[in-house]
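Work through the exercises below with the model open. Each one gives a task and then a solution in steps.

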Amino acid sequence: YAQQVSGIVTDEEQNPVPAVLIFNLKTDQKAFTNLKGEFTIDASPKEELRLIRQGFQRSSKIVYSQDYNAHFKIILIRASHEIEEVKIIY
């Protein structure tokens, strides 16, 4: 049975990341983080939450029963952008 889980999303420097899409893969429910990086979404145990934000690597979180009692913290890693190879001809 679904209950509310809440958490906070930060980057590697512990800065909150707003406007992260939190997507429950089983129920298709969506939520977004607020300006403080906080979110709340309904989820049942063992359901997977996917976190998506442009400029960051995708991340996932499996919900466990202990997550209902505490805010969990998710750190998003910035995506490294490939730079086109530049050939220098002498």
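This is a predicted model: local features need pLDDT of at least 70, side-chain atom pairs count only at pLDDT 80 or more; totals for chains, interfaces and linings use all residues.

**Exercise 1.** Place Ala19 in the chain, and state what its backbone and its accessibility show.

Solution. 
- Step 1: Strand S1 covers 3–10 and strand S2 covers 21–24; Ala19 lies in the loop between them.
- Step 2: The phi of Ala19 is positive, about 60 degrees, although this residue is not a glycine.
- Step 3: Ala19 has 44% relative accessibility, so it counts as partly exposed.

**Exercise 2.** Do the analysis for Lys46: which loop holds it, and is it buried or exposed?

Solution. 
- Step 1: The loop that holds Lys46 runs between strand S4 (38–43) and strand S5 (48–52).
- Step 2: Lys46 is not a glycine, yet has a positive phi of about 75 degrees.
- Step 3: The cut-off for exposed is over 50%. Lys46 is at 67% relative accessibility and therefore counts as exposed.

**Exercise 3.** Locate Asn34 and find which residues it contacts beyond its neighbours within four places in sequence.

Solution. 
- Step 1: Asn34 sits in the loop between strand S3 (30–32) and S4.
- Step 2: With neighbours within four places in sequence left aside, Asn34 is in contact with Val17, Pro18 and Ala19. Ala19 is the residue of Exercise 1, with the positive phi.
- Step 3: Asn34 has 33% relative accessibility, so it counts as partly exposed.
- Step 4: For a distance across the model, take Asn34 and Asp67, which are 33 residues apart along the chain; their C-alpha atoms are separated by 19 Å.

Notes. Residues are numbered from 1 along each chain as its sequence is written. Side-chain values use heavy atoms; hydrogens and water are left out. Helices (H or I, at least four residues) and strands (E, at least two) are DSSP runs, numbered from the N terminus. Buried means under 20% relative accessible area, exposed over 50%, partly exposed in between (1.4 Å probe, protein chains only). Contact means heavy atoms within 4.5 Å.
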